[in-house]
Amino acid sequence: MVIKAPYQLHILILIIIWAIIGTSWNLLGGYAGQVSFGHAAFFGLGAYSAGLLTLHCALSPWWGILLGPLVAALAALPIGMICFRLRGPYFALAMLALGEIFRLVFLNLTDFTNGAKGILIMPAITNKMFYYYTGLGMLALTLLATYLIVNSKIGYYLVSIREDQDAATSLGIPTTLYKNLALLPSAFFTGLAGAFYMNYVAFIDPNIVFNLTNVSVMVILVVMLGGVATTWGPTIGAAIYIFLGEYFRTTLGSANVLIFGILVCLIIMFLPNGIAGELDLLKRLTQRKKASLSGGV
């Protein structure tokens, strides 16, 4: 059955956007073990790349779909060279500060970014079905790229860095190089989601797209709900986050944040590997049990 109702399509488009961001973050935070609280910086750069093309160059913001990911990836190069000198909570705090720095810079560069007024565009395309299929294609591309990276030599090195960076270094793995090789596509696809978001929503300001709580923290929540270091975990987490968030908002009113927070805590406590992670674990245990039974016979 094809969904054509505008509200349902809107929900699906939001799920797709969050799935792209979550899958991008998962490559760096899940597989490489580098927990980033600063992905709002890359999301915002992608969104503003699209918006500024219209504001200053009178070009279609759809060109931002090409420019936004490149700007985010280029910004990630020096960021990685500096921040990957740090580890653990120090790296996380450095990335957190990075997102806030970008928010304040774009907030105060009023001549260039319009500051707190934000950027409003007139979308050339208003058909939600177009955005749905376009977003679906972007999500498929993000999943494919992540899958290929994870199942390559780079992916194996990233997992070894996540498990024990000192041991990986002692084996001759250039850990900083491979962490950067995870950061670049992670930033690239996050910037792609940001550019797509600008075209879909048609309005951004620094407090929306560089938001610590609503972007950087929420993407970690999305990945944890679905399953860290799993292929489909971020997409599952995005669906849970959007569906439950909308349901609680419409049924519980102002109490929705409290109930949603309690539910998230329960999921993390009783499903620490996330939905997809627990399913993968259950599948492996079942296969192991079948193998042991067949071996015993």
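**Starting from S24**

Mentor: Let's start at S24, which counts as buried because its relative accessibility is 2% (buried means under 20% relative accessible area, exposed means over 50%, and partly exposed is in between, using a 1.4 Å probe and protein chains only). Before we go on, keep in mind that this is a predicted model, so local features need pLDDT of at least 70 and side-chain atom pairs count only at pLDDT 80 or more, while totals for chains, interfaces and linings use all residues. Residues are numbered from 1 along each chain as its sequence is written, and side-chain values use heavy atoms, with hydrogens and water left out.

S24 sits in helix α1, residues 6-31. Helices here are DSSP runs of H or I with at least four residues, strands are runs of E with at least two, and the numbering starts at the N terminus. Setting aside residues up to four places away in sequence, S24 touches H39, T142, S186, F189 and T190; contact means heavy atoms within 4.5 Å.

One of those partners, H39, takes us to helix α2, which spans residues 39-57. Helix α2 packs on helix α3 (residues 64-83) at an angle of about 140 degrees, with the axes 8 Å apart. That makes α2 oblique to α3 (under 35 degrees is roughly parallel, over 145 roughly antiparallel, 65 to 115 roughly perpendicular, and the rest oblique). Two packed helices are described by the angle between their axes and the distance between the axes. The axes are lines fitted to C-alpha atoms, for helices over the stretch in contact, and the angles run from 0 to 180 degrees between N-to-C directions.

The crossing of α2 and α3 is right-handed. The handedness rule goes like this: if the near helix is turned clockwise from the far one by less than a right angle, the crossing is right-handed, and if anticlockwise, left-handed. On the α2 side you'll find F42, L45, G46, S49, A50 and L53, and they meet G64, L67, G68, V71, A72, A75, A76 and I79 of α3. By class, this contact has 10 nonpolar, 4 polar and no charged residues. Ala, Val, Leu, Ile, Met, Phe, Trp, Tyr, Cys and Pro count as nonpolar, Asp, Glu, Lys and Arg as charged, and the others, Gly among them, as polar.

Now look at L183, in helix α9 (residues 175-201). L183 is buried, with a relative accessible area of 1%. Leaving out residues up to four places away in sequence, L183 touches L28, F42, A76, G80 and F84. F42 and A76 also take part in the contact between α2 and α3.

Next, the loop between α2 and α3, where A58 is found. A58 counts as exposed, at 70% relative accessibility. The phi of A58 is near 55 degrees, a positive value in a residue other than glycine. Most residues other than glycine have a negative phi, and most peptide bonds are trans. A search of the whole structure finds 0 disulfides, taking a disulfide as a pair of cysteine sulfur atoms within 2.5 Å.

Another positive phi turns up at A202, near 75 degrees. A202 lies in the loop between α9 and β2 (203-204), and A202 counts as buried because its relative accessibility is 8%. One residue that touches A202 is P123, which also touches Y131 and N199, not counting residues up to four places away in sequence. P123 lies in the loop between β1 (119-120) and α6 (128-150), and P123 is partly exposed, with a relative accessible area of 31%. The C-alpha atoms of P123 and Y200 are separated by 7.6 Å, although these residues are 77 apart along the chain.

F243, which sits in helix α12 (residues 233-252), is in contact with I11 and I15, leaving aside its neighbours within four places in sequence. F243 is partly exposed, with a relative accessible area of 46%.
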